[in-house]
Amino acid sequence: MDTGRLLLMISTLCFFGGFAHALLALRAGKYLRRWWKMPLMIAGFALQSAFLYLRGAEHGRCPITNLFEILIFVGWSAALLYFMIGSVYRLSLLGMFTAPLVFIFQAVALAMPALDKPTAKAAPGTVDPWLEMHASVSLLAYGAFAMTVRTAIMYLLQDRQLKKRNLKTLFYALPPINYLGKANFRLIAFGFTLLTLGIASAYFMKEKPGGLKLALTWAVWALYAGVLISSVLRSYSPRRIAAASALAFLLPVITLGVISGKPHPPENPPVSQP
């Protein structure tokens, strides 16, 4: 077993600890404070980063060359955004919902070795920076959209308890419901901005992406544009906006397989014989 895959397996076990914590908290109906939760997430993220660094050095480019690496990169993006904005938005409980999703992404990747297709190392000077920007920024946007799933779930859980007037202990550990709505909107807007930059950079690439890839990316863009506009115009209730933002992530998940750039040729390609 190579070092990178071993690091990824240990990282997945770390996020599984957060997954188990979330299940126990939901079953108990209250927020369970565990001192080991944050160290586990930090360790899992550090091991994710080490895996992606090794893959990047191996490929000579951003490690998003196949669906296996894309799943890991999106999970890494979601974890990164949690560490960046979790405390700023006072959504510390968001970690309880972040770890399960990252665990699921990595577990699926590890359980399907066929997704990790071999990729030739890029020859020096052949890497298109616009291609790297297009793919990486688009996947960072997907990480932001993944974060909206957790804020939306937290919003819907709290809304349900308020309507049924059944306030469990978990309710008091959640941020205020109006704050969750604002955080959800900001995450969608942030992801939408990144995806717009990713799409724009595609038109500067040396080799333009295929029509299907661009069409699917534009479809994701249009979907989240609709959610943003509905939120700004208040066309629907906050509960419906939260539900829509959670369901909207199904489309990015479906299109993950076409987000990666075209692999680069080998560093020393064989010379064809006449």
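1. Let's start with how two helices cross: α7 passes α8 in a left-handed crossing (left-handed if the near helix is turned anticlockwise from the far one by less than a right angle, right-handed if clockwise). Helices here are DSSP runs of H or I with at least four residues, numbered from the N terminus. Helix α7 covers residues 177–202 and helix α8 residues 211–233; they pack at an angle of about 150°, their axes 10 Å apart. Axes are lines fitted to C-alpha atoms over the stretch in contact, and angles run from 0 to 180 degrees between N-to-C directions. The pair is therefore roughly antiparallel (angles over 145 degrees; under 35 is roughly parallel, 65 to 115 roughly perpendicular, and the rest oblique).

2. A word on the source: this is a predicted model, in which local features need pLDDT of at least 70 and side-chain atom pairs count only at pLDDT 80 or more, while totals for chains, interfaces and linings use all residues. Residues are numbered from 1 along each chain as its sequence is written, and side-chain values use heavy atoms, with hydrogens and water left out.

3. Back to α7 and α8: their contact (heavy atoms within 4.5 Å) includes F185, F192 and I199 of α7, and W218, W221 and Y224 of α8. By class, this contact has 16 nonpolar, 3 polar and no charged residues. Ala, Val, Leu, Ile, Met, Phe, Trp, Tyr, Cys and Pro count as nonpolar, Asp, Glu, Lys and Arg as charged, and the others, Gly among them, as polar.

4. Next, have a look at α2 (residues 37–59) and α3 (residues 67–85), which pack at an angle of about 135° with axes 10 Å apart. These two helices are therefore oblique to each other, and α2 passes α3 in a left-handed crossing. Among the residues in contact are F45, F51 and R55 of α2 and E69, F73 and W76 of α3. The classes here are 14 nonpolar, 4 polar and 2 charged residues.

5. Finally, which helices supply the lining of the largest pocket? α5 (129–164), α7, α8 and α9 (238–248) each supply at least two residues, and α7 gives the most, with 7. Of the 19 lining residues, G181, K182, F185, S231 and P238 lie nearest the centre. The lining has 10 nonpolar, 7 polar and 2 charged residues.

Technical notes: 1 Å grid on protein atoms, 1.4 Å probe; cavity = no way out; pocket = protein on both sides within 12 Å on 5 of 7 lines; lining within 4 Å.
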